[in-house]
Amino acid sequence: MKFGIITERKNPPDRRVVFSPEALLKLKNTFPEASIKVEHSDIRVFSDDDYKNLGFEVANDISDCDVFFGVKEVPIEALIPNKKYFFFSHTIKKQTYNRKLLQAILEKNIELYDHETIVDAKHKRLIGFGRYAGIVGAYNAFRAFGIKFELFQLPKAETLNGKEALVAKLKRTLLPPLKIVLTGEGKVGNGAKEILDAMHIKPVSVENFLTKNYSEPIYVQIDYLDYNKRIDGKPSSKKDFFTNPKAYISDFERFTKVSDIYIAGHFYANDAPVILTREMLLASDCKLKVVADVSCDVNGPIACTLRASTIQDPFYGYYPFENKEVDVFHPAAIVVMAVDNLPCELPKDASEGFGEMFLEHVIPAFFNGDKDGILERAKMTENGKLSSNFSYLQDYVDGK
């Protein structure tokens, strides 16, 4: 089995990589029969020499490899027919902008394994950058607050050398007694929680968050039953919420009345209620000043997320009265941070963490006959057709 680490070709440039040099060395030591080749890259967070110094071949042509590992979508013209590819294809939700990519993959007889489709037997995702999105998203929430109220200036996360440097900057920042609400208890939400805890911001219960005043910054981490309730007033439960999401309505307004910063790190299903509505943002008692939408679902559950922002220009103002974007310093503006590629700001940390997960959950499947079904469940295409698990994409492929 010959593995190839491809260079990232999508713009804007992405410096992340599936395997750091140290992770590749661990792979080689664990599975000596594996052959590994690294494609030359000028943008990767780890230099070509970092790989060469550990004994790996770096070349301009790695077309002799069997399996290619990348992060972002591979441009159609760079796809090599009859190979296996791992990358984020952004097609499993029928994203129209990548229909031609999936069509080309089928035409070129490529076996595609999307990182998002790598799940265990219970269909829980095993691979992702969510933790790092949460870490950078939380950092950016405080950066936005400092800019909006001209209290402090934090540098962009991408200019700092990893998570610990972010935390060090935040610890040196004097914060007023803010109330911060965080939605989500998955990888994204817990990544944001890492930052809040590292800053020694005090976690409190929902009841105390809603009813008490504090002389220091505090936060509450809430899950979907904390901010959704049944429309008919009947008792709610996780099973009922997932079975009957349309029977629920958002109860998030009780948090908007007391919160200064909202960090959105939840998972959102299509039929679930909108979490933060325009009506909530219009309310005279809405106290939100910053909304850091880490999940970044445009036209989704957060009404003020009008568009995705960028690492270069991460913040914009939202004017609830006219439902439009305005300058961050508009007196009635809520600052929105909706960067959709936050882990790119911590390319070294994110790459190292991603590689650890990949080594644990995916690579063994190549050498143990895929005994746990990891590869079989993740395989989207084979022999020029969609696999049975992804047959629902056929109408999307057909352009319907």
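How do the axes of H4 and helix H5 (residues 163-171) cross, and within what distance do they come?

Modeller: This is a predicted model, in which local features need pLDDT of at least 70, side-chain atom pairs count only at pLDDT 80 or more, and totals for chains, interfaces and linings use all residues. Residues are numbered from 1 along each chain as its sequence is written, and side-chain values use heavy atoms, with hydrogens and water left out.

The axes of H4 and H5 come within 11 Å and cross at roughly 25°. Axes here are lines fitted to C-alpha atoms, for helices over the stretch in contact, with angles running from 0 to 180 degrees between N-to-C directions. H4 is therefore roughly parallel to H5, a term for angles under 35 degrees. Helices are DSSP runs (H or I, at least four residues), numbered from the N terminus.

On the H4 side, the contact (heavy atoms within 4.5 Å) is made by Arg 131, Ile 135, Tyr 139 and Phe 142. Lys 163, Leu 166, Lys 169 and Leu 170 make it on the H5 side. By class, this contact has 5 nonpolar, no polar and 3 charged residues; Ala, Val, Leu, Ile, Met, Phe, Trp, Tyr, Cys and Pro count as nonpolar, Asp, Glu, Lys and Arg as charged, and the others, Gly among them, as polar.

Phe 142 also belongs to the largest nonpolar core, which has 83 residues, and is one of those with the most contacts inside it. Helix H4 (residues 130-148) gives the most to this core, with 11 residues. Such a core is a set of buried (under 20% relative accessible area, 1.4 Å probe, protein chains only) Ala, Val, Leu, Ile, Met, Phe, Trp, Tyr and Cys residues joined through side-chain atoms within 4.5 Å.

Notes:
Buried means under 20% relative accessible area, exposed over 50%, partly exposed in between (1.4 Å probe, protein chains only). Helices (H or I, at least four residues) and strands (E, at least two) are DSSP runs, numbered from the N terminus. Angles under 35 degrees count as roughly parallel, over 145 as roughly antiparallel, 65 to 115 as roughly perpendicular and the rest as oblique.
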